[in-house]
Structure formats: structure tokens, C-alpha cells
Amino acid sequence: MEPDALLLGSTYRTGRQHEIWAWMREHAPVHRHEPGAFPGFWSLTRYDEIKEVLRDADAYSSSSGILLRPLEQGADPGGGRTLALSDPGRHQALRGAVANWFAPRALRRLAESMERTASAIVGECLAAGRIDFVTDVAAKLPVEVVCSFMDIPATDRPDLVGWATAAFCADTPTERSLAHLEILEYFTDLAERRRDEPGEDLVSVLTRVRLDGELLPVEDVVLNCDSLFVGATENVRQTLAAGMLALLEHPAQWELLRADFERFADPAIEEILRWTSTGTHTMRRATRPAELGGRAIAAGDLLVCWLPSANRDGAHFPRPDVFDLTRAPNQHLTLGFGPHYCVGTQLARLEIRAILREFTGRVGRVALDGAPEFLESPVIGGPGRLPLSLSRSTPEPIDP
Ligand code: HEM
């Protein structure tokens with residue numbers, strides 16, 4: 001088995017990653033990768049060691065970056081500056097500034113408009129009959145939602161949908177970087193406007209954050225907007241797409257959900273999150289010497305936590321390779337763990353619920369209309385294209 005294959009995009013296109021992780025969990029759960037195109041790092045593949053690292057932000061720092069980057073790309077520009085890439089102190093201050101936006105009370109107000117958006121998206125798909133689920137469904141709802149948090153005008157949203165999709169799904173690295181630059185430029189302009197004329201939106205909130213008495217520099221506002229935007233869109237899109245594919249591949253589970261949506265929706269969402277686990281890894285840097293799984297870790301070492309591997313660890317999940325919508329308990333690590341636990345967890349669950357509810361309620365027949373194509377990325381997983389054909393359930397339920 002070649003653990004270094006985890007660094008190749010082709011591994012994820014062909015779906016070999018789970019085979020490699022299974023081998024590593026058994027034979028090399030804390031494995032050293034020597035430097036090459038990437039810096040040297042340790043791979044963690046078991047649930048217990050991953051949880052141990054994620055729970056302790058003093059011993060394992062996020063501020064030099066949480067994603068593997070080729071050495072030629074240099075340091076992560078958000079390092080030490082964004083919410084996800086900061087350590088205790090700054091991290092608490094930034095998290096405190098945005099957390100209310102994602103709290104259940106704030107989200108309850110949003111639920112109704114989200115359901116309307118989901119209904120409109122699925123209505124258009126039913127009218128079309130043949131769709132790419134990634135671009136026609138999964139990419140749309142999360143961008144609409146985060147744009148409403150940021151009070152982004154409706155006329156700008158199609159551009160953002162296009163850039164957000166291209167930033168991860170375009171065919172070439174150049175196209176992906178250009179799309180990401182467009183997003184950064186857009187947020188630079190927006191942050192400057194909101195600093196001059198603040199409103200009650202999430203971008204304005206960030207322009208008012210003070211750390212040690214000083215306002216955040218515009219560049220830090222932009223980096224935080226970018227990371228919130230990407231966090232809010234990419235993972236939800238990929239979870240929706242990979243979740244739909246999993247349901248199509250497990251027709252009995254799909255029928256179960258259709259038969260009694262309200263009963264099975266909550267455990268189904270958790271199992272979709274565990275199974276799809278689209279954020280492929282997060283990374284930390286040890287701040288002091290440690291021992292993990294019997295291996296000596298030096299201060300300064302990088303540790304890559306392969307989250308989908310933790311979620312298939314048989315020591316924590318009975319029958320880990322079975323997709324079971326009734327699984328309970330289901331303490332997956334898809335949304336992280338510890339102080340950096342995903343701030344958007346409840347929002348993500350609401351979005352998945354809104355789309356599943358529409359699909360199970362209104363779509364009678366849904367089938368693959370061509371082969372899915374998978375992203376070639378060690379960072380984010382799932383289909384980049386998912387062609388489907390669908391038809392209405394008859395009679396279609398009447399909206400109340
Ligand atoms: C299914 C969808 C999602 C998945 C799989 C996911 C995954 C994750 C994971 C694994 C982390 C922890 C990273 C770490 O420990 O280094 C995280 C953190 C984060 N996520 Fe999500 N996420 C999702 C949805 C969202 C949404 C909807 C938002 C909306 C704003 C969001 C924003 C963030 C932010 C800002 C952080 C950093 C939190 C912190 O460092 O305190 N994510 N996410």
C-alpha cells in the first residue's frame with residue numbers, strides 16, 4: 001500500500017482513498033510522510049488520535065494553516081488571521097464575533113426562506129427533467145444562504161455561484177485559482193464599502209471587530225469573509241451531491257427516507273455527513289513534543305487528520321462500511337471536534353434537510369443520467385458532476 005498516494009488527486013477520482021485509509025488504520029495509524037512536493041507530515045487515520053489532536057488547541061496549533069499545500073505555494077495567507085487559522089485568544093475573539101449568526105435562534109428565522117429557495121430550485125429541476133445535481137441544486141442553495149447573511153445583492157449572486165463552483169470544480173488549477181481571485185476581489189470591494197457604510201450583515205460585523213482595541217485590517221476582513229464563504233458553500237455543496245449519490249446507490253435507504261421523512265431525517269443527515277465526510281482533512285502543528293499512537297512527535301511537526309478515515313474506524317462505528325440511515329449513535333468527526341468545531345453545523349444540517357425534504361416529497365423517480373465525475377482533490381471530496389434524470393411524483397403534493 002502507498003500512503004503517499006493520498007497526496008494525488010487521481011486517488012480521489014478513482015475512489016481508492018478508503019482502501020488506503022483502511023490499510024493505514026490497521027498497519028500505520030500514525031504514519032510519517034517524508035518531504036517532497038509537500039512538506040513532511042504525519043498522517044493520522046484512527047478516530048482516537050484524531051480526536052486527541054483536535055480537542056487540544058494549545059498543544060496543536062491551527063495558525064500556520066489547516067490544509068496541506070504544495071511547498072511551491074508557500075504559506076497560507078490566512079495563517080494566524082482567519083477564524084479557522086487562529087489559536088486560543090484571537091480564535092475566541094473572532095468566533096465570539098460571528099457565532100450568533102449561526103446559533104439556532106438566528107437560524108430559525110432563516111429556515112422559512114431557505115425552504116422557499118429549496119422549493120424553487122427543485123421546481124426548476126423538475127421542469128428541466130435532466131440536470132447536473134452539483135450545479136443545478138447543490139451549488140445554489142448554500143450560496144444563496146451565505147449571500148443573504150452577507151447582504152449581497154441578488155444581481156451579484158450568479159457570479160458568486162459561478163466563481164465558487166469553479167474555484168473547486170474547474171478542470172485546471174489555473175481556472176480554479178482565477179475563480180478564487182475573483183472571490184477575493186469581490187470581497188475586497190465589499191469590505192471597503194461596508195466599512196464606509198456599515199449595515200447589519202455579517203461583513204459589516206467583521207468590519208467592526210476589534211482585537212486588542214484595534215479594528216481588523218481590511219485584508220483580515222476579506223480573508224475572513226473568504227473563509228466563511230468557502231466554508232459555507234464548498235462543503236455543503238459536496239455533502240449534498242455525495243449524499244444524493246449515496247442515496248441513489250442504496251435504493252432501500254432512499255425508500256426508507258421517502259416513506260417517513262420526519263422520522264428518519266435527523267439520523268439520515270448524520271449518516272450522510274459521516275458517509276460523505278467531504279472535508280478530507282484538517283491539519284495542525286504540534287507546539288510541543290508529544291506521543292501519538294506510540295510515535296514520538298516533535299514540536300513543529302505537522303499532523304494531518306484524515307476525517308473520512310476516522311469516520312470509518314471500526315473501533316467506533318459498528319459495520320463502518322455500511323450506509324445505514326438509522327445508525328445511532330453516530331458521533332462522526334465530519335464537522336471537526338473541539339474548539340474549532342464547525343461554526344456552521346446547524347446551518348449545514350438545515351440546508352441538507354431542506355433539499356432532502358423537497359426531493360423525497362416531490363420527486364417521483366430519480367436516476368443517474370450518466371457517470372458521476374469526482375473531484376481530484378485531497379482537500380474536498382465528492383462528485384464534481386452528477387447527471388440525473390428526474391420526474392415528478394404523481395400527484396405532486398400541493399404547497400400549503
Ligand atoms: C457539511 C458541511 C460542512 C462540513 C463538512 C464542514 C466541515 C468543517 C470542519 C471539519 C471544520 C473544523 C476544521 C478544523 O478543525 O480545523 C469546520 C470549521 C469551520 N466551518 Fe465548517 N463545515 C461545513 C459547513 C459549514 C458552513 C455551512 C459554514 C458556514 C459559515 C462553515 C464554516 C466553518 C468555519 C468558519 C469553521 C472554522 C471554525 C473555527 O475555527 O472555530 N462550515 N468545518
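Helices and strands here are DSSP runs, numbered from the N terminus. The model you have open is predicted.

**Stop 1: the ligand**

Select the ligand and its shell. There are 27 surrounding residues, and the closest are H91, R95, T282, H340 and C342.

An N or O atom in its side chain sits 2.6 Å from an oxygen atom of the ligand. Now go to T282. One of its polar side-chain atoms is also placed 2.6 Å from a ligand oxygen.

Colour by element next. α4 (90–98), α11, β7 (281–286) and α15 (345–362) each give two or more residues to this shell. The largest share comes from α11, with six residues. By class, the shell holds 15 nonpolar, 10 polar and two charged residues.

**Stop 2: the second largest pocket**

Move to Q17, H18, T276, F374 and G382. Of the 22 residues that line the second largest pocket, these lie nearest its centre. The pocket volume is about 440 Å³.

Select α2 (17–27), α11 (218–249) and α13 (261–276). Each supplies at least two lining residues. Which helix gives the most to this lining? α11 does, with four residues. The lining splits into 10 nonpolar, 10 polar and two charged residues.

**Stop 3: the largest cavity**

Two cavities reach 30 Å³ or more. The largest has a volume of about 50 Å³.

Select F133, T239, L240, G243, M244, I272, I352, I355 and L356 to outline the largest cavity. α11 and α15 are the elements that give two or more residues to its lining. Four residues come from α11, which gives the most. Seven lining residues are nonpolar, two are polar and none is charged.

**Stop 4: the second largest cavity**

Select L83, L94, V98, L206, N224 and L228. Together they line the second largest cavity. The space inside is about 30 Å³. α4 and α11 each supply at least two residues of this lining. Five of the residues are nonpolar, one is polar and none is charged.

Key:
Residues numbered from 1 in each chain as written. Predicted model: local features only at pLDDT ≥ 70, side-chain atom pairs only at ≥ 80, totals over all residues. Heavy atoms only, no water. 1 Å grid on protein atoms, 1.4 Å probe; cavity = no way out; pocket = protein on both sides within 12 Å on 5 of 7 lines; lining within 4 Å. Points joined across faces, edges and corners; volume = space filled by probe spheres on them. Nonpolar A, V, L, I, M, F, W, Y, C, P; charged D, E, K, R; others polar. Near = heavy atom within 4 Å. Polar contact = N/O pair within 3.5 Å; in protein donor to acceptor, adjacent residues only side chain to side chain.
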